[in-house]
Amino acid sequence: MPARAQVLPALSAEFGDVDLGDDRLNRRLGLLADQVAERPGESFPKALDDAALEAAYRFFGNDQVTPEAILAPHCRQSVRRAAELPRIIVAHDTTQFEFGGQTKREGLGHLIRPAAQGFFGHFSIAVTADGQRRPLGLLALETVFRLKKAIGHQNWTREQSLGESARWLRGVEAVEEQLGSRVEAIHVMDREGDQYALLAALTEAGRPFVIRSFQDRRLAGDDEARLRAAARAAKVTLRRDVPLSPRPHIKGPKGQRHPARRHRIARLSFAATTVELKRTPDARRSQSETLRLNIIHVFERRPPPGEPPVEWFLLTNLPIESDQAIAFAVDCYRARWTIEEFFKALKTGCQFERRQLESAHSLLNALAIFAPIAWRLLLLRHLARSDKEAPATSALTPKQLEVLRAVAKKPLPKRPTARDAMLAVASLGGHLKSNGDPGWLVLGRGMHDLLLLELGWRAREGSQR
């Protein structure tokens with residue numbers, strides 16, 4: 001893939017080889033994708049005129065249209081982008097989609113919050129492994145509906161939990177089927193991926209991975225030996241300053257699973273060793289009784305006052321023979337944050353949970369369209385942040401740039417970069433440059449204002465003809 005960003009084609013290019021079994025539906029998908037992508041944060045009634053709105057509702061509710069068929073061409077485009085590289089990172093994670101309102105929507109399931117309705121989406125997104133973490137697109141998506149009862153730590157049975165946990169391995173297998181032998185993928189997961197059955201399956205298949213440890217597992221050969229003690233006893237060989245993203249408090253089983261933190265630079269120490277894990281009951285009987293893996297201990301000795309210290313235990317089958325190899329494995333795990341940003345683009349940038357569609361079928365079809373749009377938003381912000389030479393045309397259309405030049409609070413350069421354009425858009429949403437890079441919410445507000453201005457601009461041009 002070229003190092004310098006190119007002018008992005010219309011989003012409909014991501015659906016260019018779609019096959020919905022009807023040429024009219026294929027054309028409607030491309031048209032709808034471009035229309036919605038221009039105003040991703042708006043409701044359908046605001047983003048579409050009356051005729052397009054009626055056509056969109058018919059499209060989403062059409063029994064012949066499936067989310068798998070809609071998303072398949074984008075996944076193939078993601079594979080083509082990935083195949084230009086020697087190896088990639090694939091981040092896997094699950095997020096919850098909750099839809100409000102008093103009316104029960106057809107086919108939606110229960111969520112953790114009482115009376116909430118929605119479903120879960122398990123996504124696999126590809127990013128470059130060159131340290132830049134450029135998002136390449138989705139490679140797999142599985143949705144989970146809990147139809148029987150609400151979920152809570154007290155009433156969610158072990159059998160149900162184990163059944164759902166298989167989605168992590170299914171996601172890996174779906175990604176590998178898409179990629180074939182075109183490129184090597186390093187699979188990265190957070191603590192929910194810490195399952196012996198999954199670790200063993202990845203190891204047996206020779207799939208590279210980095211998974212954050214959640215359980216203080218028993219080690220083979222000594223009933224008293226534990227994983228974390230062995231990791232903490234390993235010799236520190238590397239220290240490095242690492243930027244930490246801000247994070248709100250996220251409740252867990254004991255209320256402190258993800259404590260809040262501010263953006264800061266942390267001085268982290270890295271240590272690594274090899275351990276042999278003892279098989280646990282969640283594993284298949286056919287799997288090995290022990291599993292030999294590498295463990296990397298990442299920790300912060302002296303966090304600032306009031307800040308929770310960083311401590312990660314990373315299970316991996318990547319090499320740890322050198323400081324460079326250890327640092328690469330840690331950077332692979334850090335790339336997992338890309339999928340968290342993707343979820344923000346989908347929920348905040350695209351406002352997916354506010355979509356007023358009345359059935360699971362329609363919502364899933366809409367999700368299959370919005371997922372590539374969210375990837376595009378994520379890519380645009382990535383270019384604005386990481387590629388100082390990326391042209392503004394990789395982030396905005398020529399007409400939007402024309403409007404932005406006229407209304408921007410600070411004049412744009414003669415040849416603006418994507419970062420120039422995105423900061424100008426964020427400024428419309430109330431962002432101050434002194435506050436650092438803009439978040440999804442302020443970018444969404446700024447883009448909303450720009451799109452409204454663009455509509456007025458086009459109307460004025462039409463009246464002058």
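Predicted model: local features only at pLDDT ≥ 70, side-chain atom pairs only at ≥ 80, totals over all residues.
Local features are described only at pLDDT of at least 70 and side-chain atom pairs only at pLDDT 80 or more, while totals for chains, interfaces and linings use all residues. Residues are numbered from 1 along each chain as its sequence is written, and side-chain values use heavy atoms, leaving out hydrogens and water.

**Whole chain.** Start with everything shown. The chain holds 14 helices and ten strands (DSSP runs, H or I of at least four residues for helices and E of at least two for strands, numbered from the N terminus). Of its 465 residues, 51% count as buried (under 20% relative accessible area with a 1.4 Å probe, protein chains only; exposed is over 50%, partly exposed in between).

**H10 and H11.** Now select residues 337–349, helix H10, and residues 360–386, helix H11. They pack at an angle of about 115°, with axes 9 Å apart (axes are lines fitted to C-alpha atoms over the stretch in contact, and angles run from 0 to 180 degrees between N-to-C directions). On the H10 side, the contact (heavy atoms within 4.5 Å) is made by Thr338, Glu341, Phe342, Ala345, Leu346 and Gly349. Facing them from H11 are residues including Leu367, Phe370, Trp375 and Arg381.

**Phe342.** Leaving out residues up to four places away in sequence, Phe342 touches Phe123, Ile125, Leu138, Ala371, Ala374, Trp375 and Leu378. Phe342 is also among the residues with the most contacts inside the largest nonpolar core, a set of 52 (buried Ala, Val, Leu, Ile, Met, Phe, Trp, Tyr and Cys joined through side-chain atoms within 4.5 Å). Colour H11 here: with 16 residues, H11 gives the most to this core. For a second, separate core of 26 residues, look for Ile186, Val242, Cys332 and Ala335, which are included in it.

**Glu341.** Step back one residue to Glu341, also in helix H10. Glu341 counts as buried because its relative accessible area is 11%. Beyond its neighbours within four places in sequence, Glu341 is in contact with Leu378, Arg381 and Trp440.

**Glu142.** For the last stop, select strand E4, residues 135–144, and find Glu142 in it. Glu142 is partly exposed, at 23% relative accessibility. Show Phe120, Gly121, His122, Arg167 and Arg170 as well: Glu142 touches them, not counting residues up to four places away in sequence. Then draw a distance to Thr94, 48 residues apart along the chain, and the C-alpha atoms come out 9.1 Å from each other.
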